[in-house]
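I opened the notebook today to record what I looked up in this model, entry by entry.

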Amino acid sequence: MIETWLRRLYFGLVALFLAAPLIVVAGVSVNSRQELTFPPVGFSLAWYAQIFTDPEWRLALIHSVTLAVCSAAIAVAIALPLAWFLWRRIAPWANIFQVLGLAPFILPPVITALGFLSFWATAGLFGQFFTAIISHAIFFVTLPLVTLSLGFASIDRSLVEAAATMGADDRTVLKTVVLPLILPYLVSGYAFAFVLSLNEYIVAYMTIGFTTETLPIKIFNALRYGYTPTMAAVSVFFVAVAALVFGSIARFGDIRRLLGAMSSDGN
Amino acid sequence: MRREAPRSLADYTPLFFPGLMLIVFFVVPFSTMIAVSFFKRNPSGFYTPDFVIDNYARFLSTFFGGVLGFSLMLAVLVAVCCVAIGFPFTYLLTRRPRRVQTLWLVGLLSVLSLSEVIIGFAWSTLFSRTAGITNLLVAIGLMDKPVALLPTFGAVLTGMVYQALPYTILVLYPALVRLDPTLLEAARTLGASPVRAFFNVVAPALRNTIVATLIMVFVFALGSYLLPQILGRPQHWTLSVLITDQAIYQSNMPFAAAMAVFLVLISLALVGMTLLVGRRENAL
């Protein structure tokens with residue numbers, strides 16, 4: 001009995017720690033006057049409207065969404081053929097590409113960002129919007145690569161063999177058997193890359209930070225000129241998007257499996 | 001379809017696009033950075049090609065030694081705090097029903113995906129005089145008037161633990177959720193209390209996982225580039241902050257690159273150690 005209460009207390013404390021800053025930010029975001037006080041004075045949703053009506057915030061939002069949509073798509077386009085090849089073929093040396101795909105995510109982000117900065121500067125393309133898209137695609141390729149590898153590992157090979165025995169060639173097998181089976185993993189891989197790209201600051205800053213503002217860059221720049229409730233509203237918006245995306249993955253897929261609850265070889 | 005070795009060049013087709021992208025946009029930038037670390041600084045532009053080791057020689061200063069020492073100390077502290085809080089938590093979480101687990105995982109992922117900018121902004125609000133927790137303490141009569149709790153070392157540490165805790169739990173989750181339940185049952189049958197079973201059976205069985213997680217979280221914390229800047233004073237700046245500062249505000253790319261190469265070497269050595277630890281665990 002005491003143990004149950006202790007566990008609840010422990011879980012409650014961790015939940016409080018994780019939620020406290022978000023609760024304060026949510027509170028601050030509904031202040032009726034342009035100042036940060038908590039508990040909020042008055043109630044107003046004007047700061048949320050400002051994300052969409054203020055030209056600067058709206059532009060930053062458009063930049064962020066464009067960046068996230070495109071870079072996540074390229075990340076999946078890189079990860080899918082790679083994961084497919086690693087699953088289909090025995091080629092030990094090809095694992096080097098898997099390491100390359102995982103490395104940007106494991107190394108401290110500043111390093112990857114600095115690598116991109118020196119590369120784009122040397123190539124003379126520094127500051128162009130597409131450089132950020134490619135940089136993010138490489139930076140987040142790890143996520144679809146991991147989810148897709150899990151997806152391929154979960155495919156029962158006898159299904160594929162049955163299709164092949166009945167005369168389907170590689171292309172047909174891929175289209176009618178493999179792709180439908182890994183679709184949920186593909187979607188989650190895209191979603192992970194999308195959410196993280198939306199939130200990413202340092203790579204975006206070091207590639208296009210001098211010419212273009214994404215939402216995180218805009219928040220950071222605004223921090224220096226004083227805090228406004230709009231920044232709090234944008235933060236709440238970010239938390240809501242993340243919770244919505246991960247909540248949908250959990251609703252329509254198996255998030256426990258994606259996070260490693262079953263070992264990848266299925267036993 | 002069994003796995004087969006590729007027979008013809010056509011079998012390699014799926015590798016072309018991913019291989020090309022990863023080499024051109026990861027290997028080449030990475031090599032460029034290493035090259036730049038040997039270049040000479042050009043105050044008017046970025047840098048001029050050269051071969052100097054001045055950028056590395058600057059490491060041998062007391063200032064740099066101090067920053068490096070502080071970064072390592074801070075990262076160790078964050079890793080220890082996170083594993084100390086996260087390990088028992090993850091263990092208890094994996095014993096809960098699936099629905100509860102899923103709910104927590106969604107929440108943890110949402111916090112983990114948050115931008116460092118937003119985490120920094122949220123904690124600086126929470127620690128501020130006007131909107132902070134001290135207002136709460138004033139309201140219940142524990143304090144006379146609200147105070148600002150930043151910039152302090154405590155604020156930096158709290159912010160970084162906040163950032164790394166979801167990561168720690170998600171790294172520990174697979175190992176703990178797959179832990180053989182009979183191990184614990186045996187301990188309980190032999191009369192151990194749950195707490196005793198946890199400390200005497202579960203924790204020792206996962207010794208290597210704990211060490212590997214400590215290293216992973218340490219590397220993760222080394223990468224924090226904004227929180228020390230937003231929540232701390234200049235003496236709380238870490239290597240990552242210094243790299244960003246040199247690259248962007250001092251426009252000294254070669255020195256920033258040299259520090260980044262140094263940070264890569266530290267991280268790689270540590271990640272290599274994790275792999276070794278992991279291998280030993282699998283061999284057991």
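Where in chain B is the place of B:N252? I found B:N252 in the loop between α12 (239-249) and α13 (253-283) of chain B, with helices (H or I, at least four residues) and strands (E, at least two) taken as DSSP runs and numbered from the N terminus.

**Ground rules**

I note that this is a predicted model, in which local features need pLDDT of at least 70 and side-chain atom pairs count only at pLDDT 80 or more, while totals for chains, interfaces and linings use all residues. Residues are numbered from 1 along each chain as its sequence is written, and chains are lettered from A and ligands numbered from 1 in the order in which they are written.

**Entry: B:N252**

Leaving out residues up to four places away in sequence, I listed B:R41 and B:Q246 as what B:N252 touches, a contact being two C-beta atoms, placed from the backbone, that lie within 7 Å. B:R41 is 211 residues from B:N252 along the chain, yet their C-alpha atoms are separated by 6.1 Å.

**Entry: B:Y167**

I then turned to B:Y167, which is found in helix α7 (residues 153-177) of chain B. B:Y167 counts as partly exposed because its C-beta neighbours inside 10 Å number 19. Its contacts, leaving aside neighbours within four places in sequence, are B:L112, B:V217 and B:F220. I also checked B:V27, which lies 140 residues from B:Y167 in sequence and 27 Å from it in space, C-alpha to C-alpha.

**Entry: chain A overall**

For chain A I recorded 13 helices and zero strands. The C-alpha trace of chain A spans about 70 × 65 × 30 Å along its principal axes. Of the 267 residues in chain A, 46% are buried. Among contacts in chain A with a separation of 6 or more, 72% are between residues 24 or more positions apart.

**Entry: helix packing inside chain A**

Which residues of α1(A) meet α12(A)? On the α1(A) side I listed A:L22, A:V25, A:A26 and A:V28, and on the α12(A) side A:P229, A:A232, A:S235, A:V236 and A:V239. This contact divides into eight nonpolar, one polar and no charged residues, where Ala, Val, Leu, Ile, Met, Phe, Trp, Tyr, Cys and Pro count as nonpolar, Asp, Glu, Lys and Arg as charged, and the others, Gly among them, as polar.

I also looked at helix α2 (residues 46-53) of chain A, which packs with α12(A) at an angle of about 80°, their axes 8 Å apart. That angle makes α2(A) roughly perpendicular to α12(A), since angles under 35 degrees count as roughly parallel, over 145 as roughly antiparallel, 65 to 115 as roughly perpendicular and the rest as oblique. The axes are lines fitted to C-alpha atoms, for helices over the stretch in contact, and angles run from 0 to 180 degrees between N-to-C directions. A:W47, A:Y48, A:Q50 and A:I51 in α2(A) meet residues of α12(A) including A:P229, A:A233 and A:F237.

**Entry: between the chains**

How many residues does the contact take from chain A and from chain B? I recorded 75 residues from chain A and 71 residues from chain B. The side of chain A that touches chain B has 57 nonpolar, 10 polar and eight charged residues.

Within 10 Å of each other come the axes of helix α5 (residues 109-123) of chain A and α12(B), which cross at roughly 15°. This makes α5(A) roughly parallel to α12(B). A:V110, A:L114 and A:L117 in α5(A) meet B:S240, B:I243, B:T244 and B:A247 in α12(B), and by class this contact has five nonpolar, two polar and no charged residues.

Technical notes:
A residue is buried if 20 or more other C-beta atoms lie within 10 Å of its own, exposed if 12 or fewer, and partly exposed in between; C-beta atoms are placed from the backbone.
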